[in-house]
Amino acid sequence: MGASVVIYGLANSAILMLAALGFSLIFGLSGVANLAHGGIYLLSGFVAWILVNKLGLPFLLAFPVTVAISGILGWLIYWVVLRRVRGMHLSEVIATFAVGVIILELFRYLGFVTFEFNIPVIMRGGTEILGVGIDYQRLIIIGLGILLALLLWFFAHYTKIGMALRGMAQDEYTALSLGIDSDWAAALSMALGSAMAALAALLILPLGIISINMGYEVLIWVLAVTVLGGMESTIGLIVASLLLGFAKTVTGTYFDPKYMEVVYLLSLVLVLAVKPSGLFGKFKELEERV
Amino acid sequence: MRVQAGLRKERLDRGIKARTDDIFAIGSPREIMYLTMPRVVVIAALFTFPLLKDFTGMYWQNVMMITATIALLALSWDMLHSVGLVSLGQALFFGVGAYTTGYLNYHLGISPYISIPMATVVGAFICTAILFPVLRLRGIYFGLITFALPLLMMRVIEATKILGGTEGMSGLTPLPGITIKLYVIIAVALVCVFGFQRLFDTDYGLVLKAIRDNDRTVIAAGFDVQWYKAQALFIAALPATFAGAFLSHHYQFVGMPAFAMDYSILPLASVIIGGPGSFVGAMLGAFILVPLSEFLRAFGTLRIVIYSLMMLIFVVGVPEGIFHYLKRKYHQFERVVSIEEVEKK
């Protein structure tokens, strides 16, 4: 029991972190709380399904194509919708929320609700670690999750583009005076974040079937993780995913699986009530409350 | 409506407007008519509708019921927004009101004439108590917590099976006659609209408005912002909890759907479409959106897409909303003048 809690806790944490990476990237770099995250996540799943099953592409080719399509979609969402409401937080939230609902309910209307919708795993089969059976897909998720978090951290801290984006997030006027284009930075962060959402979807969705309500559920996961960790901190993201992933596994194993979703919502509410900047959030204390 | 090069559009207030938006200098019966007619026509139309039961059929009477409910929730949203609190979960207030009256009526057997008013006040107290610790939050953080709370309530009720669990509580005492019910709920909505408008004209309302515009200045002026926000929250919760309590006696059922996301999205979309900040706009939005979504019922979930799309278009393209647009057209002349004329002034 103990070993299985550790291993599945790790897997669940990696799933949470992967799902939240894109959202946290966008919020950290452009300050937009992208509530369309769940919609983009699910859209990528369906796009991959269409590419594989209707157009007959091999999955390994469909994978990068889907990620690229989602990235372009994020770029478009910024230029068509977000650019006009930039800086008005309420309007941004309502606009992205509306975009998310439109995507999800459009797929529901088009009939993407049956059990046939699943995308293939990268590698079939499984193995045993410490006597606990685990499939390769979850191992890949753990590995890629850690790799991506490291890559993202490296990108944000050691590449010119990453530093330009972070500069924009920290002090917009100074960044502008240094010649960084605000719209370009924000659109790029939307594109990257959406591509990350697609990547997460393509790795996580094969674990089950794709259902519309997953889109709303993912949004809750992501909000819980980012709020707990602190909205713009990479370490916070990792720690929060571990905390919530293990909390979820422990509740599922020792209590009732029905309480698993309550864990996220309760942590979201409690963290917002006690310390809204999260465990590792910085320099935003005064913007959040009076 | 592009204006040609060298020409500018000029807006002129009508002559009766004196100094500010709300003070008018009236000189003739015609001008009194001009000011009162819009209100009188709307109120008369609202109160005639329930009498046309044979003409419209029961179906549209029921739609009117839901419309008025959403209008109350939208009013509550607009009231919260006027204090700078953005709610993404009006379903919380609705659900708390519904479950309170459900508990009072189902378990304690209290008549709906007492349980609905009690649920309105007690429910508003409960909501204020729940949200009191997070009133300090600003901007989207308050929105996120209100987004999560109704979902949390739903999961908790589902998991712990309290208050009827997934089954809910059915067989609540019915209320008499659809006509009377409609009159009651429309009257309550109108009282809220005009009451809230009055409230914001008083000195008390001025403090509330100031909290929205710049809360730190209000603190610096020596007001207890949290206490004012809590009072505003209580007032804002009243119409929403009433709507919840009233509609559950209308359906004779309380269950988890009371916390459904519909009751959060529809009021929000109503206010965005109608125009925030004036209360009439919130109501107008509900009266446009809900009947429209009933017309679209044949399209299934496509109607959610359509009203989300409308919400998106309005928030991006027409942020002032329909009501403010109409009001401007009604109160101002527009004419095209040439640049030379403008420069001469």
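Chain A and chain B meet through 37 residues from chain A and 38 residues from chain B, where contact means that the C-beta atoms of two residues, placed from the backbone, lie within 7 Å.

Sorted by class, the chain A side has 26 nonpolar, two polar and nine charged residues. Here Ala, Val, Leu, Ile, Met, Phe, Trp, Tyr, Cys and Pro count as nonpolar, Asp, Glu, Lys and Arg as charged, and the others, Gly among them, as polar.

A word on what you are looking at: this is a predicted model, in which local features need pLDDT of at least 70, side-chain atom pairs count only at pLDDT 80 or more, and totals for chains, interfaces and linings use all residues. Residues are numbered from 1 along each chain as its sequence is written, while chains are lettered from A and ligands numbered from 1 in the order in which they are written.

The model scores ipTM 0.82 and pTM 0.87. Chain B averages a pLDDT of 86, and 96% of its residues score at least 70; pLDDT is the predictor's confidence in each residue, from 0 to 100.

Now to the fold of chain A. Its secondary structure comes to 12 helices and two strands, taken as DSSP runs numbered from the N terminus (helices are H or I, at least four residues; strands are E, at least two). From the N terminus on, the order is α-α-α-α-β-β-α-α-α-α-α-α-α-α. The C-alpha atoms of chain A fill a box of roughly 55 × 45 × 35 Å along the principal axes.

Helices α2(A) (residues 37–53) and α3(A) (residues 59–80) pack at an angle of about 140 degrees, with their axes 9 Å apart. Axes are lines fitted to C-alpha atoms, for helices over the stretch in contact, and angles run from 0 to 180 degrees between N-to-C directions. Residues of α2(A) including A:I40, A:L43 and A:V47 meet residues of α3(A), among them A:F59, A:V65 and A:I69. By class, this contact has 11 nonpolar, four polar and no charged residues.
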